[in-house]
Every structure is written in structure tokens, then in C-alpha cells.
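Biologist: Could you take one part of this protein and walk me through it slowly? I would like to see how a single piece sits among its neighbours.

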Amino acid sequence: MIRTLLIALALAWAPQLFSQHGEQRMHQQFSGAEQWSRVFDDPARDAWQKPDEVVRALELAPGAAVADIGSGTGYFAVRLARAVPRGRVYGADIEPDMVRFLNERAARESLANLHAVLATERGPNLPAPVDLALLVDTYHHIGQRGEYFAGLKQMLAPGGRVAIIDFRPDSPVGPPKQHRIAPEKVAEEMAQAGYRLAGEHAFLPHQYFLIFVPR
């Protein structure tokens with residue numbers, strides 16, 4: 001249990017930085033991807049992150065196009081790639097070393113449908129529209145979220161969705177509570193960016209799991 005909690009804390013706390021306006025933002029503090037992989041891809045994470053259940057809940061078509069935004073070392077991206085054997089997965093990350101690592105991992109694991117791309121703080125820089133954009137433990141790191149998700153809407157294929165998983169305010173693990181964003185606030189911000197809440201899953205012990213579609 002202690003090891004599991006430490007992994008959760010490392011995942012959530014390590015990236016905390018703020019812009020000059022006090023807003024959380026994505027950043028480039030994850031060099032040394034091989035070392036981070038020991039945390040992000042530790043099998044102990046599966047007990048609370050439930051990645052296979054998450055992927056099943058997304059109900060992806062075999063030919064779907066998916067973006068894993070904040071993909072890191074590929075914990076979700078590789079699972080998504082296997083779930084869409086006739087589709088494609090873009091792992092978007094702001095850290096160049098993570099992009100390098102994930103592309104090398106895709107080649108090593110013979111996942112020709114997985115490609116990592118270098119994102120920016122303004123957007124994921126996807127090379128093509130996607131049917132689903134997944135953000136796991138990433139939403140609360142993005143600054144200027146209204147602008148970010150309004151732009152992301154332009155990268156969704158017709159019928160596209162955005163899935164957001166992040167730590168609940170009352171979770172015993174995760175980032176410091178003052179940095180967490182309640183699901184109600186996420187829904188409010190996404191509505192302002194032009195989305196509506198289309199679904200919700202409650203099986204994750206520490207996180208909410210929300211599905212949005214453009215209005």
C-alpha cells in the first residue's frame with residue numbers, strides 16, 4: 001500500500017509549476033525518461049489506475065484515432081495502441097525526452113500505429129484529427145485551459161470525444177489539495193470551451209473519469 005501511494009504522489013506532485021499569473025501549466029521537467037518509466041510504468045500503479053478497465057470503458061473502435069495527451073513514457077498510449085490495431089495513437093507530450101522514449105518504445109514493442117509528437121503549452125500538435133483525446137492526471141497541469149480546449153475541439157473528428165481523468169479533491173493521494181480541480185469545475189470550464197458532459201465513470205478509487213463532446 002505504501003509503495004502504491006508513493007507512486008501516486010510522484011505522478012501527481014512532480015510536475016507542479018506555475019506561470020507568472022499563478023496558473024498551473026504543462027512544462028519540461030521530465031527529462032530522464034528511462035528513470036521516470038520506473039515510476040509511471042510500475043505495475044503497482046495498475047491497482048488504482050485500472051488502465052485496462054479505463055480502455056474498455058472508452059469503447060474504442062478497432063480503427064479509431066486516439067490522442068494520449070500528456071502521454072509520458074506510454075503507460076496508456078501502448079495500451080491504446082493495442083486496443084486500436086487498425087487505428088492510430090498519438091502520444092503528445094511537452095517533454096522532448098518523453099517523445100523520444102515513447103517513439104523508441106513503440107518501435108521496440110512493434111506498435112507501428114503509435115507515434116509520439118512534441119506538444120506545446122498551447123496544444124498537443126496532433127498531425128491529424130482524432131476520435132478521442134485522453135488526458136490522465138494532466139488536466140490540472142494545463143494553463144489557459146479555455147484556449148487549450150477550444151483549440152483541441154478543432155482537432156476532433158466528427159463525433160469525437162475528450163476523456164479527462166484526474167484526482168478528486170477528497171482523494172488521499174494526488175497533488176496538494178489546493179492544486180486539484182473538482183469535477184464540477186472541470187465541467188464548468190469545459191462548457192465555457194464549448195463542450196458538454198456526455199458521460200461519467202465511477203470505478204476509479206482516487207480519480208474522476210469524465211467524457212465530453214463538443215456542443
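This is a predicted model: local features need pLDDT of at least 70, side-chain atom pairs count only at pLDDT 80 or more; totals for chains, interfaces and linings use all residues.

Modeller: Helix 8 runs over residues 183-192, and its buried residues are P183, V186, E189 and M190. These four span an arc of only 120° around the axis, so they sit on the same side of helix 8. The general rule behind such a pattern is that an α-helix has 3.6 residues a turn, so residues three or four places apart point the same way. Look at the face turned away from that buried side and you will find E184 and Q192, which are exposed.

Now to the cover. The buried residues of helix 8 are covered by elements including helix 7 (145-153), strand 5 (156-167), strand 6 (195-201) and strand 7 (207-214).

Helix 7 deserves a glance of its own. Its buried residues are R145, Y148, F149 and L152. They take up an arc of only 85° around the axis, which means that they lie on the same side of helix 7. Against them pack strand 1 (65-69), strand 4 (130-136), strand 5, helix 8 and strand 6.

Finally, the wider setting. The largest nonpolar core has 29 residues, and L58, L80, L114 and F209 have the most contacts inside it.

Technical notes:
Residues are numbered from 1 along each chain as its sequence is written. Side-chain values use heavy atoms; hydrogens and water are left out. Buried means under 20% relative accessible area, exposed over 50%, partly exposed in between (1.4 Å probe, protein chains only). Helices (H or I, at least four residues) and strands (E, at least two) are DSSP runs, numbered from the N terminus. The arc is that of the directions from the helix axis to the C-beta atoms. Contact means heavy atoms within 4.5 Å. A nonpolar core is a set of buried Ala, Val, Leu, Ile, Met, Phe, Trp, Tyr and Cys residues joined through side-chain atoms within 4.5 Å.
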